Amino acid sequence: MATTYVAPGAGANGSQAKSAMNNKTMFAPGFTINVNANKTTTGTMAVGAEGGGSVETLLPDPDFSSPARVREYCNSLRAAAFSLSFQVAMGAEIMKGVLSAVPDPEGRPFGSRTRAGKVARKLQKSADALRDAAKNAAACYSAFQQEYEEEINRVRHRARRPQQPVVNWAEQ
């Protein structure tokens with residue numbers, strides 16, 4: 001038995017649903033996810049998740065030759081993962097809303113919402129994993145600072161300018 005989907009706000013005769021059936025597009029979600037990131041000094045920016053160009057890396061090259069490079073890499077990873085987690089979470093909510101509008105084939109009450117929740121839950125888990133990746137990137141740099149504190153301080157002291165002689169105005 002064929003099920004005809006009548007979009008919310010469609011006329012009482014279902015003319016919009018019938019034209020959708022004739023065009024063979026019964027269900028087409030209308031959302032996209034765009035990826036934006038700040039361009040770093042050594043990294044490149046992503047073009048977009050939808051296509052229309054090659055997607056380049058969001059992170060700088062993994063060059064860990066100095067503490068500044070480690071900080072830059074971890075901070076870039078944190079920023080990219082945090083931004084993506086928001087966008088994926090938004091995509092999960094949009095997907096849940098769009099899919100909950102599709103009627104349940106068995107006519108169960110709240111069946112469409114249940115089905116939509118099961119599908120969108122996987123996307124929400126992806127958003128949670130990206131948020132955890134952002135936290136771990138920040139924790140990585142913190143652990144680096146703690147583990148290599150002695151080496152960092154040794155170089156930091158050597159790099160300081162010598163102190164200027166202090167003028168003692170009491171001696172005359």
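These points cover the nonpolar core and the aromatic pairs of a predicted model.

1. Basis. Residues are numbered from 1 along each chain as its sequence is written, and side-chain values use heavy atoms, without hydrogens or water. Local features need pLDDT of at least 70 and side-chain atom pairs count only at pLDDT 80 or more, while totals for chains, interfaces and linings use all residues.

2. Core. The largest nonpolar core has 5 residues: Val70, Cys74, Tyr141, Phe144 and Ile152. Such a core is a set of buried Ala, Val, Leu, Ile, Met, Phe, Trp, Tyr and Cys residues joined through side-chain atoms within 4.5 Å. Buried means under 20% relative accessible area, exposed over 50%, partly exposed in between (1.4 Å probe, protein chains only). At least two core residues come from each of helix 2 (67–100) and helix 3 (111–147). Helices are DSSP runs (H or I, at least four residues), numbered from the N terminus.

3. Ile152. Neighbours within four places in sequence aside, Ile152 contacts Pro67, Phe144 and Gln145. Contact means heavy atoms within 4.5 Å.

4. Phe82 and Phe86. Rings of Phe, Tyr and Trp (its six-membered ring) pair if their centres lie within 6.5 Å; planes under 30 degrees apart are stacked, over 60 edge-to-face, the rest tilted. The count is 4 aromatic pairs. Phe82 and Phe86 sit with ring centres 4.9 Å apart and planes at 85 degrees, so this pair is edge-to-face. Both lie in helix 2, 4 residues apart, about one turn of the helix. Phe82 is partly exposed at 40%; Phe86 is exposed at 53%.

5. Phe144 and Tyr148. This aromatic pair is tilted, 5.4 Å centre to centre with 35 degrees between the planes. Phe144 is buried at 19%, whereas Tyr148 is partly exposed at 43%. Tyr141, Phe144 and Tyr148 form one aromatic cluster.
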